[in-house]
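Work through the following exercises with the sequence and the structure side by side. Try each task before you read its solution.

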Amino acid sequence: MRLAAVDLGASSGRVMAGAVGPGVLSVEEVHRFPNGGVRVAHGGGSTLHWDILGLYREMLTGIQAAQRGGELAGLGIDSWAVDYGLLDASGALLGNPVNYRDSRTDGIAQRVAEVVPARELFDITGLQQLPFNTLYQLLAERDLGSAETMLLIPDLLNYWLTGVRGAERTNASTTQLYDVRSGQWATGLASRLGIPSRLLPPLRDPGSVVGTLLPDLAAELGLPELPVVAVGSHDTASAVVGVPAEPGTNFAYISSGTWSLVGLELESPELGDSALAANFTNEGGVDGTIRFLRNVTGLWVLSESLRTWEAQGTPMSLPEVLAQAAGVPPLSAVVDIDAPVFLPPGDMPARIRQACVDTGQRPPEAPGEVVRCILDSLALAYRRTVRQASELTGRPVDVVHVVGGGVRNELLCQLTADACGVPVLAGPVEAAALGNVLVQARALGADLPDLAAMRALIRATHELRRYEPSGRESGWAEAAARIDSRVVA
């Protein structure tokens, strides 16, 4: 069957046409478009928004392009997490969704902790404390009185396609308003914090059919009234479906893109004090699994560096700076890539140099040196997170699967194997789109009864690249100690 997978990232979106059948699994990009924050001034300040209507328009263009290549059987949408649109009682959007990198949530987490202590909040939601969690964003809204419903980004787009409101569980689990034990909205928590429970729409499972394209919309686009499937609508949930792990292996995964999501797949949440202290998260996965992971600042820092050099009149291509970085001595300078200074947009090379100065290291100057510092620091963050996940759960890690755009960065994949001390299996690049179409296909009748069957089909149809660790463990331990004295080497 032929399926359309809409995969929206923080820096770009695309529509993929997927083919699924016995021994067949492929995806082909039919439409790509840019995404990013749009800063709008108001009342002496400004807010960073998403251009949600532009994304919707581009999505429809892509679905039409997919249909031109052959009759579609269905479509599904995945995107980044936490951000949302608010609808009024008539179903009208009240304003452009705010970008999670906006500063409006500054200080909100501290206010929440005065009402619900961090230990209790983690026990209910199982979530990593991040300043942009949906809970904090809702509390930063100037006025919730006019809002009737909150819809996360994929659910909002599904609503415009079908007229059906709801919240898919893998993405709902990222809001910090979802009870990770019961799999329901944490309405008691919402009430204590003054968030109206009416905002929380009915929950639905990944793999359920949301509805069909509205007749008028289908006619306007020249499409049949396609079924719209709720896939693992958090893009990481779809990407983890696309991790081609062998059954019974002790694997960790890194979904590597703008963010790097690093963790393990569990059967139940890990809610101990140590997991809270390590700032891990328990998010819902497809088929009732738990994504026990931590958000690590990802290739965002690299892409922002490239943008900065271009703005300064010295544009550099990615292959060019990666080639330069490969020639820089390893671990010459490393930074805590998860430090808050690297979250907002801006001059990343200057921030990296300052972080090195602050930690008594010689700052990198040439672009290749800056990029090598970024990649070494990312690999160190992966090392720390994989080891912590293993220690917190008592599960050994024998192999790390890297999926997503970072698969193309061969230097980073090798550094990850070196830092973690275990083999890295890299691929597929399009894990999120593959996970999206696999869940759609099962919902529409394909013989894919479980995650093992889906992953077996990926292994049978996609080539993976293996990276072996170099064995130079002491250098990584010393570098880790440079940026975090708490690291246990």
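**Exercise 1. Two packed helices**

Task: Describe how helix α14 (residues 367–393) and helix α18 (residues 473–483) pack, giving the angle and the distance between their axes.

Solution. Begin with the two values, for helices α14 and α18 pack at an angle of about 95°, with their axes 10 Å apart. Axes here are lines fitted to C-alpha atoms, for helices over the stretch in contact, and angles run from 0 to 180 degrees between N-to-C directions. Finally, find the residues that touch, where contact means heavy atoms within 4.5 Å. On the α14 side they are Asp376, Ala379, Leu380, Arg383, Arg384 and Arg387, and on the α18 side Glu473, Trp476, Ala477, Ala479, Ala480 and Ile483.

Some background belongs here before the next task. This is a predicted model, in which local features need pLDDT of at least 70 and side-chain atom pairs count only at pLDDT 80 or more, while totals for chains, interfaces and linings use all residues. Residues are numbered from 1 along each chain as its sequence is written, and side-chain values use heavy atoms, with hydrogens and water left out. Helices (H or I, at least four residues) and strands (E, at least two) are DSSP runs, numbered from the N terminus.

**Exercise 2. Aromatic pairs**

Task: Classify the ring pair Tyr56 and Trp160, and then the ring pair Tyr100 and Phe132.

Solution. Start from the rule: rings of Phe, Tyr and Trp (its six-membered ring) pair if their centres lie within 6.5 Å, and planes under 30 degrees apart count as stacked, over 60 as edge-to-face and the rest as tilted. By this rule the count comes to 7 aromatic pairs. In one of them, the ring centres of Tyr56 and Trp160 are 5.1 Å apart with the planes at 70°, so this pair is edge-to-face. The pair joins distant parts of the chain, since Tyr56 belongs to helix α1 (residues 52–68) and Trp160 to helix α5 (residues 153–162), 104 residues apart. To judge how covered the two residues are, note that buried means under 20% relative accessible area, exposed over 50% and partly exposed in between (1.4 Å probe, protein chains only). Tyr56, with 16%, is buried, and Trp160, with 17%, is buried too.

Now take Tyr100 and Phe132, whose ring centres lie 5.1 Å apart with planes at 55°, so the pair is tilted. This pair also links distant parts of the chain, 32 residues apart: Tyr100 is in the loop between β7 (84–87) and α2 (108–115), and Phe132 in the loop between α3 (118–125) and α4 (134–140). Tyr100 is buried at 6%, and Phe132 is buried at 6% as well.

**Exercise 3. Helix α5**

Task: How many of the residues of α5 are buried?

Solution. The helix is mostly covered, with 10 of its 10 residues buried. Among them are Ile153, Leu156, Tyr159 and Trp160.

**Exercise 4. Thr47 and its surroundings**

Task: Is Thr47 buried or exposed, and which side chain does its own side chain meet in a polar contact?

Solution. First locate Thr47, which is in strand β5 (residues 45–50). Its relative accessible area is 9%, so Thr47 is buried. A polar contact is a pair of N or O atoms within 3.5 Å; within protein, one must be able to donate a hydrogen and the other to accept it, and residues adjacent in sequence count only if both atoms are side-chain atoms. The side chain of Thr47 makes such a contact with the side chain of His42 (2.6 Å). Leaving aside neighbours within four places in sequence, Thr47 is in contact with residues including Val38, Val98 and Asp102.
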